[in-house]
Amino acid sequence: MTTPQAVDLRSDTVTQPTAAMRAAMMAAPLGDDVFGTDPSVNALQEKIAGLLGFEAALFVPTGTQSNLCAILSHCQRGDEYIVGQQAHCYRWEGGGAAVFGSVQPQPLEHQADGTFKLADIEGAIKPDDAHFARTRVLALENTLGGKLLPFEFVQAATQLARAKGLQRHLDGARLFNAAVAQSAQTGSAVRDEARRIAQCFDSVSVCFSKGLGAPVGSALCGSREFIARAHRIRKMAGGGMRQAGLLAAAASHALDHHVDRLAQDHALARRLADGLEGVAGLAVEPPQSNIVFIDLSDEAKPRMNDLLAHLKSQGILATGLYRLRFVTHLDVDAAGVERAIAAIRQFFRA
Ligand SMILES: *Cc1c(COP(=O)(O)O)cnc(C)c1O
């Protein structure tokens, strides 16, 4: 008997490239992207810009670098960006915009659904006065912690920002998860929903190495002028890559083959949540996309590390800092989710 493979629910970043993706990488024509002559990078940049309705795009190694290039391209030293307390480009990027760009964040509290009160956005915009940093950007994230921002909010918040003269940036690391979730509500095509969300913004960052299943890479989209500035910042950040077409080909393959299948990840996340309903000590947040958050009751909380160790001993990997988190992706199947449910239930029965 062979040991079953680990069910790795720590993140959608852990996926291995499929055989077809590897073949696409090996077949990719390559050049030197610092000279601007890698055909596979150029093709990817045109593809994602066209898909989301922008003039241009820039292939970057990580989502963190993409957000950094975006904020520094929109801002000068002494400017600020309005951003959520839980947003990746505030909380999880080492304060890069402040460190490298002298751009300060102006964080806002989220509402329970991940949105902001419009009055909070408006109230955070500083008057033109020497005392204050210049408020330049509103940055949203969609999905945020697995939540789809209601489209009415995205429209209202970005219209307000525009009326106030702010640039609008979307950290759409999981934009296609948002588009799949939104498409399930509206019945419109997933790509149309992705474009509809993206078109509310001046710049959009998307990750290929999350649910889309590519090994490396993100893209930043915007106007030609904006992308020219971002290109300079990418160089300064050390993100000019040479035969990067190997990676761009994987991303391109992911756009062609891994967008619609995200719906399967969302269905498995719902199955995981449903399978844990009624377990004493657990409060399961109904998932809207591919991330399931579970709160442990006050009595169960001290057992978090024991639970993670128990799951690991059963070949199930998850993360739990404050909350338990399970993320479904390309390399998780229905059998894996059933194993996870059984192992968690077993722990709480014991
Ligand atoms: C993963 C992620 C990023 C970028 O992460 P990298 O690890 O730098 O690629 C940015 N924003 C969000 C919302 C993310 O989930």
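**Walking through the model**

User: What secondary structure does the chain have?
Analyst: The protein chain has 14 helices and 13 strands.

User: How far does the C-alpha trace span?
Analyst: About 60 × 50 × 40 Å along its principal axes.

User: And what does the radius of gyration say?
Analyst: The protein chain has a radius of gyration of 21 Å. A compact globule of 350 residues would have one near 20 Å, so the value agrees with that.

User: How many of the residues are buried?
Analyst: Buried residues make up 55% of the 350.

User: How about charges?
Analyst: There are 35 positive and 36 negative side chains. The centres of the two sets lie 3 Å apart.

User: What confidence does the prediction carry?
Analyst: The average pLDDT is 97. Of the residues, 99% score at least 70.

User: Which strand has the lowest confidence, and which the highest?
Analyst: Confidence is lowest in strand β12, residues 319-320, with a mean of 94. It is highest in strand β7, residues 203-207, at 99.

User: Why would I care about a low score?
Analyst: Where pLDDT is low, the predicted coordinates should not be read in detail.

User: Let's zoom in. Where is Val 292?
Analyst: Val 292 is in strand β10, which covers residues 291-296.

User: Buried or exposed?
Analyst: Val 292 is buried, because its relative accessible area is 0% and the cut-off for buried is under 20%.

User: What does Val 292 touch?
Analyst: Leave out residues up to four places away in sequence. Val 292 then touches Ala 269, Leu 272, Ala 273, Val 284, Glu 285, Pro 287, Leu 324, Arg 325 and Phe 326.

User: And Ser 289, where is that?
Analyst: Ser 289 is in the loop between β9 (282-284) and β10. Ser 289 counts as buried, at 1% relative accessibility.

User: Which residues does Ser 289 touch?
Analyst: Again, residues up to four places away in sequence are not counted. The contacts of Ser 289 are Thr 143, Gly 146, Asn 177, Asp 265, His 266 and Ala 269. Ala 269 is also touched by Val 292.

User: Thr 143 is on that list. Which residue is joined to Thr 143 by a cis peptide bond?
Analyst: Asn 142, and omega is about 0°. Thr 143 is in the loop between β5 (134-141) and α7 (151-163).

User: New topic. What is the phi of Ser 102?
Analyst: Ser 102 has a positive phi of about 55°, although it is not a glycine. Ser 102 lies in the loop between α5 (96-101) and β4 (104-108). At 33% relative accessibility, Ser 102 counts as partly exposed.

User: Last one. Where is Thr 15?
Analyst: Thr 15 sits in the loop between β1 (7-8) and α1 (19-27). Thr 15 counts as buried, at 7% relative accessibility.

User: And which residues does Thr 15 touch?
Analyst: Not counting residues up to four places away in sequence, Thr 15 touches Lys 210, Gly 213, His 329, Leu 330 and Asp 331.

Definitions and conventions: Residues numbered from 1 in each chain as written. Predicted model: local features only at pLDDT ≥ 70, side-chain atom pairs only at ≥ 80, totals over all residues. Heavy atoms only, no water. Helix = DSSP H or I, 4+ residues; strand = E, 2+ residues; numbered from the N terminus. Rg over C-alpha atoms; globule rule 2.2 N^0.38 Å. Buried < 20%, exposed > 50% of the residue type's maximum accessible area, 1.4 Å probe, protein only. Lys, Arg positive; Asp, Glu negative; His and termini not counted. Charge placed at Lys NZ, Arg CZ, Asp CG, Glu CD. pLDDT = per-residue confidence, 0-100. Contact = heavy atoms within 4.5 Å.
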